[in-house]
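Please examine the sequence and the three-dimensional structure shown below. The paragraphs that follow lead through selected parts of the fold.

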Amino acid sequence: MDSREPNFSEPVVGIFDRNNQFPDLGSDSFTHVSCQLDKSVDKQKLKKLVSDFGNAQNLLITVEMPGRKAAATSENVLSEVLDGDYDAKIDAFCEALKVSGKKVYVRWNPEMEVPVKIYPWQYQAPADYIKAFNHFAKQAKKAFPGIQIVWGAAGYPGADEYYPGSENVDFMTIMLNGKSEKESTAFPDVKDLYTNLKRKIQRMRVADKPILVLAAGDLQKDEDLKTQLTKAINETKKEAVILYSDFDNGNALANNARTSKPLVGVYDPKEIIVKSGLVGVEHIFVDLGSVQSGQFEQGLNAIAARKHDAIVSIEPWRDNKSRKDSSVLLNVINGVYDAEFSEIYRVIGNSKQTVYLRFAHEMEIPIHRYAWQSQDPVLYIKAFRYFMDFNKSNGKNIKKVWGPAGDRGSMEWWPGAKYVDYVSIAIYGLPDKGITDPEKQESFESIYNRKNHRMRFTGKPIFVTEFGVKGREEYQAKWMKNAARVINTHKEIFGVCYFNLEDNPKVWGDIPAPDWSLSKATFSGFVDALQE
């Protein structure tokens, strides 16, 4: 399959170069072609293929191994690349490109992050894709040192999960109107072109590399495209101080390894476990109404009386003053809730216990359970920073917690290391309405591994502030012991807090809401396993 795809048309329509590294590089200077390569080596055929690419000033080549036609039959292309099955072909192809004298940009097995199965490298483990990408990149650079390696993401939510690291990436892409996204239903479509462009560009911020903007189909001829792209680029540059804050690139979690047993806590409004002597921290959820009524102060004082620390999840809504919930993030940064925030910090300041302060959690889930979900990430980041900066003295007993669920795309909402002491995630055995059989719940381990990978750019310790499992007590006990083993192994986990209650029935529609409640005996077995 050493062939060009004759009907391929995905031109470069723009470039986002935040650091102005390539001021003379224009979108109209690129020719973009696509080719499919198999494992066999025919140097004459490869030279002919390269000569067919023409005399472009800048040649962008999308290389597919093995390509669309083999998508149904080749499911191991990533392992085949890692095993070296393509090495000779990569060498010969890059040698032919080097001899041609062209300025070459190679984009390998693209759109990997979109959860569809158009290509055999989609719907694969991010770690497997990353290893295969880096193998290809190193092999290509060895054969042709001047080649530019392009990480070919579409810019879909969760693209950063597949980012292979800065060492082997020179450029990136985002794709508009691509085939993969047309088939995906995992996230709602973004109809507005400007918003779609802006979000795609900003999703790539963990890498901070120049971005080639590609378009397919009718969109490449859209007369409004250039205008909206310029607007999206200018807005992103305007917000650069917020967006391009420190990212760890996945190396610092080891530096946060705990040296003692994890902190163990519970959300337990029925008080089944809190008085058992098994926990050191309690979780409470605080909306604006409970601040206004004094209920928050009463709750925190009760926790302090039990000599427990507190996880305080602030939910900026349910306002007794009849202010609109639909604008909660704007209300935060416009000072509408300042009186309530002052009261929150006053109450916390009067406590001698450590308070793990979590603000507007699970913001990345594309639903409307909470008023701060499905909102603009930059607006969320501004609101998070506003709240965490509100108390300038920032009491010594306060620890700042950023609380995504840990789902796909979480890093779009990353507020920056200065504003975060711990990253909170949630782990539930029944993560969605599609799994109703308790025996088919995911293990703590599989969920944690997936979410921990997503958090690797933060460089912060992990605090599992919500987790739970439903089912027969024997099943719960087994699941919890597995969880204890994983927690003991992963020293970046600072603490865990069990959600000992049923979920809100309104959220689950026509099926019963899961009940995560544990018996005291099962919870005690979990704590014992943590001590082993």
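Does Arg199 count as buried or exposed? Arg199 counts as buried, because its relative accessibility is 15%; buried means under 20% relative accessible area, exposed over 50%, and partly exposed in between, with a 1.4 Å probe and protein chains only. The model is predicted, so local features need pLDDT of at least 70 and side-chain atom pairs count only at pLDDT 80 or more, while totals for chains, interfaces and linings use all residues. Residues are numbered from 1 along each chain as its sequence is written, and side-chain values use heavy atoms, with hydrogens and water left out.

Arg199 belongs to helix H6, residues 193–203. Helices (H or I, at least four residues) and strands (E, at least two) are DSSP runs, numbered from the N terminus. Leaving aside residues up to four places away in sequence, Arg199 touches Gln375, Asp376, Pro377, Glu412 and Trp413, where contact means heavy atoms within 4.5 Å.

An α-helix has 3.6 residues a turn, so residues three or four places apart point the same way. Just after H10, Lys307 takes a positive phi of about 60 degrees.

Strand E11 contains Ile311, which counts as buried at 0% relative accessibility. Not counting residues up to four places away in sequence, the residues touched by Ile311 include Val281, Ile284, Tyr356, Phe463 and Cys497. Ile311 and Cys497 are 186 residues apart along the chain, and their C-alpha atoms are separated by 8.9 Å.

Helix H12 also meets helix H13 (residues 377–390): their axes come within 10 Å and cross at roughly 50 degrees. Axes are lines fitted to C-alpha atoms, for helices over the stretch in contact, and angles run from 0 to 180 degrees between N-to-C directions. That angle makes H12 oblique to H13, since angles under 35 degrees count as roughly parallel, over 145 as roughly antiparallel, 65 to 115 as roughly perpendicular and the rest as oblique. Asp338, Phe341, Ser342, Ile344 and Tyr345 in H12 meet Tyr386, Phe387, Met388 and Phe390 in H13.
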